[in-house]
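Please walk me through this structure.

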Amino acid sequence: MLQSILDDFMGEALLEDALQIYTERTKKSKETYERAREVFPGGINHNIRFFEPYPLYIKSGKGSRVWDVDGNEYIDLWMLHMGAILGHSHPAIVKALQEQIEHSLHHGFVNEKAIEFAELICDLVPCAEKVRLCCSGTEATQYASRLARAYTGKKILLKAKGGWHGGNDVLQKGVSYPFEAKESLGIPGEAQMYTHTIPFNDTESTLDIIEDHGKDLAGIILEPMLGAGGCIPATREYLKAVKEAVVKHDALLIFDEVITGFKFAGCAQGYYGVAPNLTTLGKTLGGGLPVGSVVGEEQIMNLAEPGGKVWVGGGTFSGNVSTMSTGIATLKYLKDHPDVYDKIGSLGGELRKGIDKIFDEHGAITRTTGIGPFLNTHFPSKDVSIMSGKFDAKGFEYNFRLINYGILFLPGRGGLISAVHSKMDVNKILEVTGEVAGEVVHGN
Ligand SMILES: Cc1ncc(COP(=O)(O)O)c(C=O)c1O
């Protein structure tokens, strides 16, 4: 295992010292990983959570901190897949769930809590006139694709190279660099024959592709900021041009805000001032419990009525009262504390700038991308500037070294500053970055 990570570094055994410290600090995680491999393929339940030599097993989380099974404390920046905007176990969310479970965890009937939840969503998400709840972002993007095809009566869907919309058959295409290979065996080519990719932020080429497919185009699904693809924000011009082209061809614009939702006043669509027809939501929306949602213009959403034309929102656990209670607590808090967005945006900006400045002082060019509370540090190489989905060995090494100092990014992935991270946390991350930057850039 250790060898395979060193091989990834093409023989530059830069990480050996850091791996040694890691294995000494996390003996119980290693044992737990070995146990997990006996029951889970690869020892995990979400591929992204695995990293070499073995992932940390986390036991608890509170605020901006998590603790692993060895008892090590970390400033967490992974934050529930960049969803825990109010930190782990926020008191208002815990209280809401405690009150709810006195009554029911889930009973499988319609309930008033779901209505209150949807009313809050309509208040906070500009394009939301109607809401359909489900249990994951993967389901939400699948339903949004179906609605777009049904509403327009057309088949073609466009998605960005490097965009990740969950593991559904229709959209799991063009995710990993260089975006040509099949993402998974078991997805028949036919399931994706009407899904095509567009180059993110390349307006001219994207508009050409839209023109090529114009008359058959059902919709374009886009993350306003590629999340899993490296926290790479769209330019406002790009989104505006795509929106205009979509309107011209009587197609729909779907924003996948599973990551960006509720990180800006009015979500990313408010931040960019571009209105999609449909939006998919997840992560933050559930306040820590599983959730997904497709929301949007009434005439499109109404296709999902029972007895209507489009099947949207099966799901035994859709609208369950436990998630409704944690979701309501989260959205109410955000509604009552809009200052949160300024705070996380300014701390996020400080961290992005600070990291790049430190690496610059050590003679390396980094680009810590992201908007608002998001960040992902890239070490662009000569041949490929910043490409989502491409393994960035230095980015991995930087994050991996931080772990030994109690700062936890999922190595090589993006991170989130939440409402409960502090200026002191940011200073600490920058201080430790200063400690490890030399090793990352020059080796030992
Ligand atoms: C933008 C985006 N869409 C959809 C999904 C899928 O959501 P879920 O993991 O809840 O199925 C994700 C998950 O990371 C995501 O980042």
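Helices (H or I, at least four residues) and strands (E, at least two) are DSSP runs, numbered from the N terminus. This is a predicted model, in which local features need pLDDT of at least 70, side-chain atom pairs count only at pLDDT 80 or more, and totals for chains, interfaces and linings use all residues. Numbering of residues starts from 1 along each chain as its sequence is written.

Start at the ligand. Around the ligand are 16 residues, where near means a C-beta atom, placed from the backbone, within 6 Å. The closest are S136, G137, T138, G166 and V258. Helix 7 (residues 137-152) supplies the largest share of this shell, three residues.

Now step back. The protein has 15 helices and 16 strands. Its radius of gyration is 22 Å, close to the 22 Å that the globule rule gives for 444 residues, so the protein is as compact as a globular protein of that length. That radius is taken over C-alpha atoms, and the rule is 2.2 Å times the number of residues to the power 0.38.

Next come the domains. Domain 1 covers 2-88 + 339-442, and domain 2 covers 91-336. These bounds come from an automatic or database domain assignment. The domain centres, taken over C-alpha atoms, are 27 Å apart. Where they meet, 24 residues of domain 1 are in contact with 24 residues of domain 2; contact means C-beta atoms, placed from the backbone, within 7 Å. On the domain 1 side, helix 4 (79-82), helix 13 (339-361) and strand 14 (374-378) each give two or more residues. Strand 14 gives the most, with four residues.

Notes: Two residues are in contact if their C-beta atoms, placed from the backbone, lie within 7 Å.
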